[in-house]
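This report concerns side-chain packing and side-chain contacts in one protein model. The sequence and the structure are shown first.

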Amino acid sequence: MDREPPVRRSPVQPRRSNGIVTKTLTVPQITEDDHDVRPLYTTPVMGSDLDAVATGITHLQHRVLTDYAVRAHTIGTRTIAVRIDAHTTAGRTDWRATPESLTYTPITLPTPVEDTLNALVQGYGLSYAASDLLADSHGRWYFVDLNPAGQYRWPENELPDLGITQALAQLLAGDPERPRRNGLTAAA
């Protein structure tokens, strides 16, 4: 009897449910009746809300309770990642909601997570992408999204020595790259 080969599991875990949230698919803002424009961040969805979105395009996902978020910038074969700690309830649901409550720290991704991101970016034929990840208290990592046009200056405003701009400039200038991990040159 032939056996199927074992399935290789990704180090990035599927989302575990602790409710459902909705996220905007476009610019995260909404115009109110009084014409005020306000941001629309990740929002918890109650079961009764599902009827209201049943006939439109809606992005729903399981809510993940995490310790922190990570923005990882994959530039060629380099990954430069920033840990984002939110210090408010709203910020822990969507760190963009309370930027004044955030702290940023450079972080080294676990090798399997970084390798998975690099394979994803290369699989799409991209040279640059910004990925959002979540990490929980059990050391599980969750992939949120990959943005091939993700903004990168805001983490460098907080961490001027991060090196994203320099890495992008080197990539655009065609400088040959040596394999790198989290912005550090690998041993030759």
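The sections below cover the nonpolar cores, the salt bridges and the contacts of aromatic rings. The model is predicted.

## Nonpolar cores

The largest nonpolar core has 20 residues, and the members that touch the most others are Ile75 and Ile84. Two or more residues each come from the strands β7 (68–75), β8 (78–86), β9 (102–107), β10 (128–135) and β11 (141–147), and from the helix α5 (164–172). Strand β8 gives the largest share, four residues.

Another core, of 11 residues, lies apart from the largest one; Leu109, Leu133, Ala135 and Trp141 are among its members. In soluble globular proteins, nonpolar side chains tend to be buried together.

## Salt bridges

There are five salt bridges in the structure. One of them joins the side chains of Asp132 and Arg71, at 2.6 Å from N to O. Asp132 belongs to strand β10 and Arg71 to strand β7, so this pair ties together parts 61 residues apart in sequence. Asp132 has a relative accessible area of 14% and is buried; Arg71, at 11%, is buried as well.

The side chains of Asp94 and Arg96 also meet in a salt bridge, with an N to O distance of 2.6 Å. Asp94 is buried, at 5% relative accessibility, whereas Arg96 is partly exposed, at 30%. A further salt bridge links Arg140 to Asp136, whose closest N and O atoms are 2.8 Å apart. Here Arg140 is partly exposed, with a relative accessible area of 27%, and Asp136 is buried, at 8% relative accessibility.

## Aromatic rings

The count of aromatic pairs is four. In the pair of Trp95 and Trp154, the ring centres are 5.1 Å apart and the planes stand at 35°, so the pair is tilted. Trp95 lies in the loop between α2 (89–93) and β9, and Trp154 in helix α4 (residues 153–158), so the contact ties together parts 59 residues apart in sequence. Trp95 is buried, with a relative accessible area of 17%. Trp95 and Trp154 also belong, with Tyr104, to a cluster linked by ring pairs.

Tyr128 and Tyr152 form an edge-to-face pair, with 6.4 Å from centre to centre and 70° between the planes. Tyr128 is in strand β10 and Tyr152 in the loop between β11 and α4, 24 residues apart. Tyr128 counts as buried at 13% relative accessibility, and Tyr152 as partly exposed at 24%.

A ring also takes part in a contact with a charge: the charged end of Arg83 sits over the ring of Tyr68, 3.7 Å from the ring centre.

Note on methods:
Residues are numbered from 1 along each chain as its sequence is written. This is a predicted model: local features need pLDDT of at least 70, side-chain atom pairs count only at pLDDT 80 or more; totals for chains, interfaces and linings use all residues. Side-chain values use heavy atoms; hydrogens and water are left out. A nonpolar core is a set of buried Ala, Val, Leu, Ile, Met, Phe, Trp, Tyr and Cys residues joined through side-chain atoms within 4.5 Å. Buried means under 20% relative accessible area, exposed over 50%, partly exposed in between (1.4 Å probe, protein chains only). A salt bridge is a side-chain nitrogen of Lys or Arg within 4 Å of a carboxyl oxygen of Asp or Glu. Rings of Phe, Tyr and Trp (its six-membered ring) pair if their centres lie within 6.5 Å; planes under 30 degrees apart count as stacked, over 60 as edge-to-face and the rest as tilted. A charge sits over a ring if NZ of Lys or CZ of Arg is within 6 Å of the ring centre and within 35 degrees of the ring normal.
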